[in-house]
Amino acid sequence: MAVEKQKEPCKKEACDIQACLTKNNFIPQRCLKVIELLQSCCEKCNNKSTHCGSVSGLLKTKPK
């Protein structure tokens, strides 16, 4: 059987964000690195992942 491509791109990054937020009392500013990794993944897959819908809201918490 052939190895399938990952069906859901960016799942790992989304799970990493959830773990980070849980560990840091849901303070997004403490998880900026993993949020940026999800953003990068979403850009690479043209936002064709169900996990990319939440990234825009998380990025609003990022200081400019």
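How many helices and strands are there in the protein? There are three helices and zero strands. The model shown is predicted. The legends below start with the whole chain and then go to single sites.

View 1. The protein has 64 residues, and buried residues make up 28% of them. Consider the contacts between residues at least 6 apart in sequence: 55% of these join residues at least 24 apart. Helix 1 spans 11–23, helix 2 spans 32–44 and helix 3 spans 55–59.

**View 2. The largest nonpolar core has 14 residues.** Cys10, Ile17, Cys31, Leu38 and Cys42 touch the most other members. Helix 1, helix 2 and helix 3 each give two or more residues to this core. Helix 2 supplies the largest share, five residues.

**View 3. Leu38 makes contacts with residues from several parts of the chain.** Neighbours within four places in sequence are left aside here. The partners of Leu38 are then Cys10, Glu13, Ala14, Ile17, His51 and Val55. Of these, Cys10 and Ile17 are, like Leu38, among the core residues that touch the most other members.

**View 4. Helix 1 and helix 2 pack with their axes within 9 Å.** The axes cross at roughly 165 degrees. An angle over 145 degrees counts as roughly antiparallel, and helix 1 and helix 2 are therefore roughly antiparallel to each other. The crossing of helix 1 past helix 2 is left-handed.

**View 5. Asn24 sits in the loop between helix 1 and helix 2.** Is Asn24 buried or exposed? Its relative accessible area is 15%. The cut-off for buried is under 20%, so Asn24 counts as buried. Asn24 touches Arg30 and Cys31, not counting residues up to four places away in sequence. Cys31 is also one of the core residues that touch the most other members.

**View 6. Phe26 has a positive phi although it is not a glycine.** The phi of Phe26 is about 60 degrees. Phe26 is found in the loop between helix 1 and helix 2. Its relative accessible area is 52%. Exposed means over 50%, so Phe26 is exposed.

**View 7. Asn47 also has a positive phi without being a glycine.** Here too the value is about 60 degrees. Asn47 lies in the loop between helix 2 and helix 3.

**View 8. Lys11 and Cys52 are 41 residues apart along the chain.** Their C-alpha atoms are separated by 9.2 Å. Lys11 has its place in helix 1. With 45% relative accessibility, Lys11 counts as partly exposed.

**View 9. Gln39 and Leu58 are 19 residues apart in sequence.** In space, the two are 9.5 Å apart, C-alpha to C-alpha. Gln39 is found in helix 2. Gln39 has a relative accessible area of 24% and is partly exposed.

Key: Residues numbered from 1 in each chain as written. Predicted model: local features only at pLDDT ≥ 70, side-chain atom pairs only at ≥ 80, totals over all residues. Heavy atoms only, no water. Core = buried A, V, L, I, M, F, W, Y, C linked by side-chain atoms within 4.5 Å. Buried < 20%, exposed > 50% of the residue type's maximum accessible area, 1.4 Å probe, protein only. Helix = DSSP H or I, 4+ residues; strand = E, 2+ residues; numbered from the N terminus. Contact = heavy atoms within 4.5 Å. Axes fitted to C-alpha atoms, helices over the stretch in contact; angles between N-to-C directions. Parallel < 35°, antiparallel > 145°, perpendicular 65-115°, else oblique. Left-handed = near helix turned anticlockwise from the far one by under 90°.
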